[in-house]
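Work through the exercises below with the structure open. Try each task before reading its solution.

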Amino acid sequence: MRVIVGKGSCGIAAGANDVYEKLEVLSRENPVAGTTLGITGCIGMCFLEPIVDIYPNDEAEECLRLVHVQGSDAQTIWDAVAGGELDKLEPLKIKPEDEEFLTQQTRVALRNCGIIDPESLEEYIARGGYRSIRKILEQKITPEAVIEEIDKSGLKGRGGAGFSTAFKWRAARNSPGEEKYLICNADEGDPGAFMDRAVIEGDPHSLLEGMLIGAYAIGAKEGIVYVRAEYPLAIIRLKKAIKDATEAGYLGDNILGSDFSCKIRIKAGAGAFVCGEETALIESLEGKRGMPRLKPPFPAQAGYWYKPSNINNVETFANVAWIIDNGGEAFAAMGTENSKGTKVFALTGKINRGGLVEIPMGRTLRDVIFGIGGGIRGGARFKAVQLGGPSGGCVPAERLDVQIDYNQLVITGAIMGSGGMVVMDENTCMVNMARFFLDFTTKESCGKCVHCRLGTKRMKEILDRIVEGKGEEGDIEKLEDLCNAVKDGALCGLGNTAPNPVLTTIRYFREEFEAHIEEHRCPAGECRALISYNIDPDKCIGCTACARQCPVDAIKGEVKGVHVIDHELCTKCGNCKTACRFDAVVVR
Amino acid sequence: METRSDLALIEPTLSEYRDQKGSLIAILQNAQDIYGYLPMDVMEHISREAQIPLSTIIGVATFYTQFRLQPVGKHLIMLCDGTACHVNSSELISAAITDELGIHDGETTKDGLFTLKHVACLGCCSLSPVMMISGQTYGALTPDKTRQILRKLAEEEGESA
Ligand SMILES: Cc1cc2nc3c(=O)[nH]c(=O)nc-3n(C[C@H](O)[C@H](O)[C@H](O)COP(=O)(O)O)c2cc1C
Ligand code: SF4
Ligand code: SF4
Ligand code: FES
Ligand code: FES
């Protein structure tokens, strides 16, 4: 039997380390013959963490999945394992409806995530790992043929722009020069997206193998992974994977006895969203301020140290070995006419089942949010979903049947993006949401060009005013003008796309802007300056729970009597609303 | 008063990276690991030793949010302000921290115990709203739960002092 604890970042945050340590002690003190304890990366079912999987034997693909496991459950689990009485674990077992979260997915990029031990090279190899690079080197498949296969697959970059991977590889291959670089963009800047983190934490060798194939195809001898500073665990796991792969001869000089040599190293970012933009990333790799360069020349001509370079996203690389192994056509068989294969999304926000979702292109947003994600948490009404983070836009309820496809999504005003999918319900204020993204882009603008540096600032000032109830007539039009100016005038993608969240919210939720500006009202009940907390006398039973939680003693009332909020004192902290178990505290 | 840093501590980093071009960010990252922030005298020393103009070093140090030019409190509160946390009302958590400790984003309490820093996504969005204090993650926060966590930490400090 194998007992596997999910140790991705979110599992650890939810308490997986404690569970693992307790099981570790038990397995040492009370060993069970033929039973081992191990770990795995992100399973994708983040809403059920901490998770423990029990596999009846070494070959089994099916497991007994225990969810929301706490350290205090360790003894019960180990006793059941030792006594061969797994049925005793029924209370911890995953509910059948939650299992649908995974059974509705198709996993290519995440094929090993949540299954293998990310720190074990052997487990990666056992699932077909490094078979593709071996095939290429042993059968002496030419770089051109490799690129041809990727071309057949129709793979497009998963980092946001959706550019053909084969096209980029061919450009880098054909670019003259001996010294070339292959770079992996693991900066994952969209706040609220974690697909790339999951791949590196859960299956680092699949990234390395994809990079090796890419390096072989373009003729690079060196690869660099630029990892976001906030991902310490990913860096540790990737370091170990590089070391193990080097020792086993998959990295370094004369890989697998061929004349192909390639080294891969890690560079930790230092926190700057703009460094996700490829030329800014290159500047940062060179130790400088991460400011975008003018294009052309493109990185394929003059990239890292002005040598021909190719940059791809983590998820893009994670698909590559699968494509070589299964053939480009198998990949192209999934998806739509112009969007092939699968795409990973990080489903978060006001959703019942949040986590990582990989599905073939062409499924609808409704499928993902209501089918896989189980709909809105707490039974509220769906309002919109934000795709592509600060560069993307929102899609409202009436467009939920749109297919997940690069072109179809652009028609809605949103973009495919890198995979962030944040679900919002009726209690989310869309104006405040637009302000939130603008606040982000204003802070992250590198300052190189005026349109972005000042334009985003001016937009944010207007949005600040609106959410404070000080909006003026004409503000919406002013915002639209600024949006268009910044979109066209900015130098890099950050500025070009920063207006998207504002433009899409105006497009679909104009009446919400108008309510703020004309009536000084926040229909979602979120903007603090425009709301007040009140107690519904018909619902209040006088339990005093709210009054005890109020930090400023703004709530008066006798035990069993109706309570009242003094608006002079109230700081709108929201404690009373959380405290009241009778829904008597209402926001207006 | 300008305090003097122990410059010997950065020597191994300098000897590793001094001659590797493009290593400034890595040097500064190591320096911050060692000193907890980037003291001016350390940056001056790096400038002399690695032959990089001080203006370039300060330019890089101020560009990236990871670098700090001031020391931080004993407990660094990293409050997530990513999209998922925002949608799940992280603004209320931020207000609760400010109310409880009297500090805003980037500030440190007078007793030097807490520094508040807003960060974009800690990678556990399914537990949002989330904060991380000294490596420990706290999820599904409410204003009240946040206050209790802070009070408990402050109490523990009082006991150990
Ligand atoms: C402001 C900005 C931020 C970006 N952030 C990322 C990122 O975090 N990760 C990423 O892979 N690509 C990001 N990109 C896209 C990259 O510039 C580039 O297109 C991508 O890494 C190429 O890889 P792909 O072809 O595999 O998608 C960003 C672009 C811009 C303009
Ligand atoms: S668009 Fe913004 S982030 Fe991009 S170069 Fe201009 S100022 Fe910098
Ligand atoms: S919102 Fe906060 S300050 Fe206002 S009455 Fe409720 S608990 Fe008191
Ligand atoms: S990190 Fe655990 S399931 Fe996502
Ligand atoms: S948005 Fe807060 S943890 Fe991701």
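The model is predicted.

**Exercise 1. Classify the ring pair Phe370(A) and Phe382(A): stacked or edge-to-face?**

Solution. 
- Start with the whole structure: a search finds 13 aromatic pairs over all chains.
- Take this pair. The ring centres of Phe370(A) and Phe382(A) are 5.9 Å apart.
- Pairing requires centres within 6.5 Å.
- Next, the angle. The planes stand at 65°, so the pair is edge-to-face.
- Now place both residues. Phe370(A) belongs to helix 15 (residues 365–372) of chain A, and Phe382(A) to strand 11 (residues 382–387). They are 12 residues apart, and the pair links distant parts of the chain.

**Exercise 2. Which accessibility class does Phe370(A) fall in, and which does Phe382(A)?**

Solution. 
- The cut-offs: buried is under 20% relative accessible area, exposed is over 50%, and partly exposed lies in between.
- Phe370(A) has 35%, so Phe370(A) is partly exposed.
- Phe382(A) has 7%, so Phe382(A) is buried.

**Exercise 3. Why does the pair Phe436(A) and Phe437(A) count as edge-to-face?**

Solution. 
- The ring centres lie 5.3 Å apart.
- Edge-to-face needs planes over 60 degrees apart. The planes here are at 70°, so the pair qualifies.
- Check the setting: Phe436(A) and Phe437(A) are both buried.

**Exercise 4. Which tyrosines form a cluster through ring pairs, and where does the charged end of Arg2(A) sit?**

Solution. 
- The cluster consists of Tyr124(A), Tyr130(A) and Tyr250(A), linked by ring pairs.
- The charged end of Arg2(A) lies over the ring of Tyr55(A), 4.5 Å from the ring centre.
- Arg293(A) gives another case: its charged end is over the ring of Tyr306(A), at 4.1 Å from the centre.

**Exercise 5. Describe the interface of chain B and chain A.**

Solution. 
- Count residues. Chain B brings 36 residues into contact with 56 residues of chain A.
- Take the area. About 3,500 Å² is buried between the chains, and carbon and sulfur atoms give 57% of it.
- Phe63(B), Thr83(B) and Val87(B) supply 18% of the area that chain B buries against chain A, more than any other three residues.
- Look for charges. There is 1 salt bridge between the chains. Arg435(A) and Glu91(B) form a salt bridge through their side chains, at 3.8 Å from N to O.
- Finish with helices. Among those of chain B that each supply at least two residues to the side touching chain A are helix 2 (24–35) and helix 7 (143–160).

How values were computed: Residues numbered from 1 in each chain as written. Chains lettered and ligands numbered in written order. Predicted model: local features only at pLDDT ≥ 70, side-chain atom pairs only at ≥ 80, totals over all residues. Heavy atoms only, no water. Phe/Tyr/Trp six-rings, centres within 6.5 Å; stacked < 30°, edge-to-face > 60°. Helix = DSSP H or I, 4+ residues; strand = E, 2+ residues; numbered from the N terminus. Buried < 20%, exposed > 50% of the residue type's maximum accessible area, 1.4 Å probe, protein only. Lys NZ or Arg CZ within 6 Å of the ring centre and 35° of its normal. Contact = heavy atoms within 4.5 Å. Buried area = accessible area lost by both parts, 1.4 Å probe. Salt bridge = Lys/Arg side-chain N within 4 Å of Asp/Glu carboxyl O.
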